[in-house]
Amino acid sequence: QHYNWCIFTKDLEVCAAEGIDTVDIKFPGLQPTLTLVEKTLLYLDDECSLGTSDDAFIHSITSQFDKKEAAFMRHPAWRDKFAVHHFAGTVIYTVTGWLEKNRDMLKDTLKTEFNSADTNSLSRDLFPCQARQEAAATARMAAAGGAATKGKSKSVTLGGFFKTQMKELMDVINSTNPHWIRCVKPHPAKKPLMFGGAYTLQQLEFAGILGTVKIRKAGYPIRFPLAKFCQQFNAVKPHDSLKALVT
């Protein structure tokens, strides 16, 4: 989704501002699927709080999402499975043991040991103790303009911990000037001197590269700041003329 926003949304806005027609360029919107995954984790946390079972969880998400969310699918014969239609394909998930795994957090005593003065900063970041987690939650709430609530805090599940880590990661990524490296497998056979055209093309499409190429072909694939352009091509055109462009 971040790649889509940086490459597709921002580039289309630039093309529109320059009067370039890009109405025929379509790109996948991944937000509905991301929202579905986030809602699924919320229902998983709810079932953990209620102390129910995996069967109750699968029944809960089926009643909420089946026939309502386009990315969700559950076959009537599936007892403990559901599927999510991701952009790169459909993934089937088996929920057996999910509630227990979601509750399977490290003991507070072990977290305290990892946060002792004898451990390094990496260990303290990977295994924050309850006090640090509560302080971080209070700081986030204060930054959002909310008031911190007193009393016993709700225990953090693996799903909640994962969402918090993802949000913090995206905050860091969104504050940077990103660059991407795309790795493409030429074939799935793990043998030398082989190349699968359709297999490779599918990866390029799923990674959004083909859509990126269409946008760049419609506009200007390389955009130099004017001052840098004048500096680099000073030998081609008289200096005074380039200087006039900058000023």
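Predicted model: local features only at pLDDT ≥ 70, side-chain atom pairs only at ≥ 80, totals over all residues.
The protein chain holds 12 helices and 3 strands. Its length is 247 residues, of which 23% count as buried. Among contacts with a separation of 6 or more, 50% link residues 24 or more positions apart.

The 3 strands form an open sheet in the order S1-S2-S3, with antiparallel pairing. Strand S1 covers residues 72–73. S1 is joined to S2 by 2 bridges, and the two run antiparallel. Strand S2 (residues 81–86) pairs with strand S3 (residues 89–94) over 6 bridges, also in the antiparallel sense. The hairpin between S2 and S3 passes through 2 residues. On the S3 side, Val84 stands opposite Val91.

Helix H2 lies across S1 and S2 and runs at about 150° to S2. The helix spans residues 31–50. Its 20 residues reach 29 Å from the first C-alpha to the last, close to the 28 Å expected at 1.5 Å a residue. Just after H2, Gly51 adopts a positive phi of about 75°.

Several positions of H2 are buried: Thr33, Leu36, Thr40, Leu41, Leu44, Asp45, Glu47 and Cys48. An α-helix has 3.6 residues a turn, so residues three or four places apart point the same way. The buried residues of H2 pack against helix H3 (54–65), S1, S2, helix H4 (98–103) and H8.

Thr40 lies in H2. Its relative accessible area is 7%, below the 20% cut-off, and Thr40 is therefore buried. Beyond neighbours within four places in sequence, Thr40 is in contact with Phe57, Ile61, Phe65 and Phe82. Two of these partners, Phe57 and Ile61, are listed with Leu36, Phe72 and Phe82 as the residues with the most contacts inside the largest nonpolar core.

That core has 14 residues. H2, H3 and S2 are the elements that give two or more residues to the core. A second, separate core has 7 residues, including Tyr3, Leu12, Cys15 and Ile215. In soluble globular proteins, nonpolar side chains tend to be buried together. Phe72, a residue of the largest core, touches Leu36, Ile61, Thr62, Phe65, Asp66, Phe82 and Ala83, with residues up to four places away in sequence not counted.

H2 also meets helix H8 (residues 158–174); the two axes come within 9 Å and cross at roughly 145°. H2 contributes Glu38, Leu41, Leu42 and Asp45 to this contact, and H8 contributes Gly159, Gly160, Phe162 and Lys163. By class, the contact comprises 3 nonpolar, 2 polar and 3 charged residues. Leu41 and Asp45 are also among the buried residues of H2.

Note on methods. Residues numbered from 1 in each chain as written. Heavy atoms only, no water. Axes fitted to C-alpha atoms, helices over the stretch in contact; angles between N-to-C directions. Helix = DSSP H or I, 4+ residues; strand = E, 2+ residues; numbered from the N terminus. Contact = heavy atoms within 4.5 Å. Nonpolar A, V, L, I, M, F, W, Y, C, P; charged D, E, K, R; others polar. Pairing = 2+ DSSP bridges. Expected span 1.5 Å × (residues − 1). Buried < 20%, exposed > 50% of the residue type's maximum accessible area, 1.4 Å probe, protein only. Core = buried A, V, L, I, M, F, W, Y, C linked by side-chain atoms within 4.5 Å.
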